[in-house]
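Please consider the model shown below.

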Amino acid sequence: MKTPVASSDRGQGPYLRRFSNLDRGLHLAVIISFFGLVMTGIPLHFSHTRWAQAIMRLHGGADSSGFIHRVCAIITFGYFFTHIGSVFVRAARSDNWKSFFWGPNSMVPQPKDVRDIFQMFKWFFGKGPPPQFDRFSYFEKFDYWAVFWGVAIIGGSGLLLWFPEFFASFLPGWSFNLATIIHGDEALLALGFIFTIHFFNGQLRPEKFPVDVVIFTGRARAEYMKEEHPLEYERAEREGRLAELEVPAPGRALYLWSVIAGMSLVALGFSLVVIIILTALFAH
Amino acid sequence: MIGPDVVPQGSAVVPPAFDPRRHRPVIVRLFLAAFALLGVPGEAALAQIPANVVCDKCHADQEFLVGKADSPAEEAALHVPTDIFLGTSHDTVACVECHQGYGDSYPHGIEVTSIACESCHEEAGVDWAQSTHAANLEDADDAPDCMECHGIHVVYDSDNRVSPTHPLNAVAQCADCHTDSTIIATYYDEPDDSLARVAVEHFWEGAHGRGLSKAGLVSSATCSSCHHPHRVLPADSANSTLHRDNVIATCGECHLGVLETYMPSAHGVALVDSVETDEGDPAPVCTDCHVRHQVENPRQESWHLSVVEECGTCHQSLYDSYRGTYHGKVSQLGYGRTARCSDCHTAHGVRALDDTLSSVHPINLVATCSQCHAKASEKFVEYYSHGDFTNREDYPILFWAWVFMTTLLVGTFGFFGTHSAMWFVRTLVERSSPPAVETQEKEQ
């Protein structure tokens, strides 16, 4: 059998569920809205360049660009609050609601995460083995909380700029200057982070290259889980939950589309980063 | 190319301001007096005035003229029946008023001379004599004299629809030479791109040209409205109506309202006082923003956007700070539905910030911003339209926000960039080393 291109589908063992359908859907909403926001917002940051002007024309101009940006903003607020709501609903329905807010299954940073960071750097210098991750590694948690921070900061400043007349009823006018700086720079940070660090951690590092579709299909092979999240695998094994996590292999169409989407988005995002870096170096 | 749809129509003769009747030779006055005594109605029969009747004896008779000149063309030129003057501006002018030198008798010899037009049209003559046309006519014999534009015998006033100098015909008249490759080649190295040829093309695309061709406005500016009908000179010539010192008055002749707004504006005052910028740039005049010939409709987005650049040539730091704002970025991307310089500062009535009549004086800001932001309030207009986050003194809040964001950006990328790079290197190192060693290391 040929080795699958996606790292999540390589190796031995049955497929195990990693992400719920809701989380897969929300991540897709994040992708769509994020790319929409980036593509319609970034031209403003680099308005002096030809490429920014070309992207604007591609969207059909400033008006439609602004419209797409606002639609994507609504999607962003939508997935943001859907997720928060879902966390509380899932916690309420769960036998062990505390596990959502503390412990190996939680997104809340744990003392182990701090130890893992140190362990990771030790490993970088060849001074020990790499850390063994549970359900979520510290860098995955960082990505997760970065969205919280990002949506709050970019979303908040964006609302200010969307409804300036309303906000000026109790805020001074210069808060829009402030909002512009924060919105733009935080957006630049977000896109730079997603398109380099997140993509590296998620897809481009040698272990995962060229693509990892676990977030799209929601499942990965046991071997992948043992490598990436060994502690979680062992826990499930110990607690006898492996059979319960077992799911059928992703359908061919889902798998193919996931690979295509993953690789195209990385290519698109990475190209944009290259263009931005070249602009910063040569066109300022 | 866009051009006027010229359809000569019936004309209504309007008396000229200049009255040639006051300049008639004595002999003509006597004839006229005689006719008056005979009771012949004067003006209607002027083409039949005795002097002309005499001329008609020969010059209305085509057959008679055969063999009287060296060539058929010259013979044709001699054929001038006086009834062609009927309805023209010269229908009260006798042949002998322009043609002299044949003594008292006829048939006369060939020594007849034409007197210069400026002997009656004094001012036009003086103006034309200073023009580039006059100079080129003398040097290269390829520039127009009076008759080239106005016609030889059949001469109408410019407000007569059939006159070649009527506004709806005049541009074609100028274009005749100014798009002629042979003539252009004499004066320009690159005839196809020459200012003269391009000027005509651009004119029809501009607001004035479209005013003529699309709206059919006779009040729309033609070549001569700006370049002066007779004193045609390059704009850098001090005597030109388009010279910096004169162009305000030239445009203001039609755009009086703009002139009245401009003169008391900061720019107008600076112009009158000859105030210059530190770089030595003078105050802007009409043609600095409204580019020659291609005078675009100010509603045209592309033009409006390009004017921002024009303002920036003097107001560099304000331009830069504007480009840093949302307004400036949207306009830089090429979209006009955002505030440009003139939207806030007005186009012609730009005044200093501390002038209470200025559109951007604090007392007027709410009204100015409300043009776009309907519910703009006192707090709303506290927005820094030229806020510059690199300017720590004037905008400390923006500066420190920017410092914070930059630190965050550099910090995040610094940490995770290092993280990713080291991870990448480590994985490659592990993969290249034998698995046995790796296991050993781990066990240690």
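Predicted model: local features only at pLDDT ≥ 70, side-chain atom pairs only at ≥ 80, totals over all residues.

Residues are numbered from 1 along each chain as its sequence is written, and chains are lettered from A and ligands numbered from 1 in the order in which they are written.

Reader: What share of the residues of chain A counts as buried?

Author: A residue is buried if 20 or more other C-beta atoms, placed from the backbone, lie within 10 Å of its own. Among the 284 residues of chain A, the buried share is 35%.

Reader: At what angle do helix 5 and helix 7 of chain A pack?

Author: Helices here are DSSP runs (H or I, at least four residues), numbered from the N terminus. Axes are lines fitted to C-alpha atoms over the stretch in contact, and angles run from 0 to 180 degrees between N-to-C directions. For helix 5 (residues 138-162) and helix 7 (residues 174-204) of chain A, the axes lie 9 Å apart and the angle is about 155 degrees.

Reader: Are helix 5 and helix 7 of chain A roughly parallel or roughly antiparallel?

Author: Angles under 35 degrees count as roughly parallel and those over 145 as roughly antiparallel. The packing angle of helix 5 and helix 7 of chain A is about 155 degrees. Helix 5 and helix 7 of chain A are therefore roughly antiparallel.

Reader: What box do the C-alpha atoms of chain A fill?

Author: The box is taken along the principal axes. For chain A, its dimensions are roughly 60 × 45 × 45 Å.

Technical notes
Helix = DSSP H or I, 4+ residues; strand = E, 2+ residues; numbered from the N terminus. Parallel < 35°, antiparallel > 145°, perpendicular 65-115°, else oblique. Buried ≥ 20, exposed ≤ 12 C-beta atoms within 10 Å, placed from the backbone.
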